[in-house]
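Keep the sequence and the 3D view open while reading.

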Amino acid sequence: MADTELQPRFWVPLGVVGLGLACGLLSWIAAAVVVLFGCFLMLQTALLRLRFEAEALVVTRSGTEIRRFPYSDWMGWQVFWPMVPVLFYFREVKSIHFLPMLFDANALNEQLTTRIGPSGTRSKEAAPPADAPHE
């Protein structure tokens, strides 16, 4: 299967900035904090990419690999609020991860379903955590 890199999507960062501007009616301090967070997410959207390779999901920043997540370590994944996707969760054998939806959610769902299996299911190849009771 060919490598696939997800395209960036700026909807979540723009939504956070809009929410921050709306908070300006209540408190300028809260508005400033939320708008700054939205700007941070916008910068991350411009710099970060998810690339699906044959054996792993690779996170890159400006073309440089910063993290690799082998599919064999995945236990499950979920996109929260599929109608308006804002958060991506996945669990590995040793840790859990939450990522804001800074990329094309449809392509993410398609790639994960193809490479790992349907949302919410445990990867067949993933070993159980060392502290898990035997079934």
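This is a predicted model: local features need pLDDT of at least 70, side-chain atom pairs count only at pLDDT 80 or more; totals for chains, interfaces and linings use all residues.

The second largest pocket holds about 210 Å³ of space. Its lining counts 13 residues.

**Second largest pocket**
- Trp11, Val84, Pro85, Met101 and Ala105 are the lining residues nearest the centre of the second largest pocket.
- Helix H1 (11–23) and helix H3 (105–115) are the elements that give two or more residues to this lining.
- H3 contributes the most, with three residues.
- By class, the lining of the second largest pocket has nine nonpolar, two polar and two charged residues.

**Largest pocket**
- Five elements need checking here: helix H2 (28–47), strand E2 (48–52), strand E3 (56–61), strand E4 (64–70) and strand E7 (96–100) each supply at least two lining residues.
- The lining of the largest pocket divides into 12 nonpolar, two polar and three charged residues.

**Fold and surface**
- The chain has three helices and seven strands.
- Their order along the sequence is β-α-α-β-β-β-β-β-β-α.
- The chain runs to 135 residues, and 36% of them count as buried.
- Take the contacts between residues at least 6 apart in sequence: 48% of these join residues at least 24 apart.
- The accessible surface comes to about 8,400 Å². Carbon and sulfur atoms account for 64% of that surface.

**Nonpolar core**
- In soluble globular proteins, nonpolar side chains tend to be buried together.
- The largest nonpolar core of this chain has 22 residues.
- Trp74, Trp77, Phe88, Met101, Phe103, Leu108 and Leu112 touch the most other members of the core.
- H1, E2, E3, strand E5 (74–80), strand E6 (87–92) and H3 each supply at least two residues of this core.

- Thr45 sits in helix H2. Thr45 counts as buried because its relative accessibility is 1%, under the 20% cut-off.
- Beyond residues up to four places away in sequence, Thr45 touches Pro8, Arg9, Phe10, Pro13 and Leu102.
- Gln111 lies in helix H3. Its relative accessibility is 10%, so Gln111 counts as buried.
- Gln111 touches Thr4 and Phe52, again not counting residues up to four places away in sequence.

**A loop residue with positive phi**
- Where is Ser62 found? Ser62 is in the loop between E3 and E4.
- Ser62 is not a glycine, yet its phi is positive, at about 50°.
- Is Ser62 buried or exposed? Ser62 counts as exposed because its relative accessibility is 55%, over the 50% cut-off.

Technical notes: Residues are numbered from 1 along each chain as its sequence is written. Side-chain values use heavy atoms; hydrogens and water are left out. Helices (H or I, at least four residues) and strands (E, at least two) are DSSP runs, numbered from the N terminus. Ala, Val, Leu, Ile, Met, Phe, Trp, Tyr, Cys and Pro count as nonpolar, Asp, Glu, Lys and Arg as charged, and the others, Gly among them, as polar. On a 1 Å grid over the protein atoms alone, a cavity is a set of points where a 1.4 Å probe fits but cannot get out, and a pocket is an open set with protein on both sides within 12 Å along at least five of seven lines; lining residues have an atom within 4 Å of a point. Grid points are joined across faces, edges and corners, and a volume is the space filled by probe spheres set on the points. Buried means under 20% relative accessible area, exposed over 50%, partly exposed in between (1.4 Å probe, protein chains only). Contact means heavy atoms within 4.5 Å. Accessible areas come from the Shrake-Rupley method with a 1.4 Å probe; for residues, only the protein chains shown count as cover. A nonpolar core is a set of buried Ala, Val, Leu, Ile, Met, Phe, Trp, Tyr and Cys residues joined through side-chain atoms within 4.5 Å.
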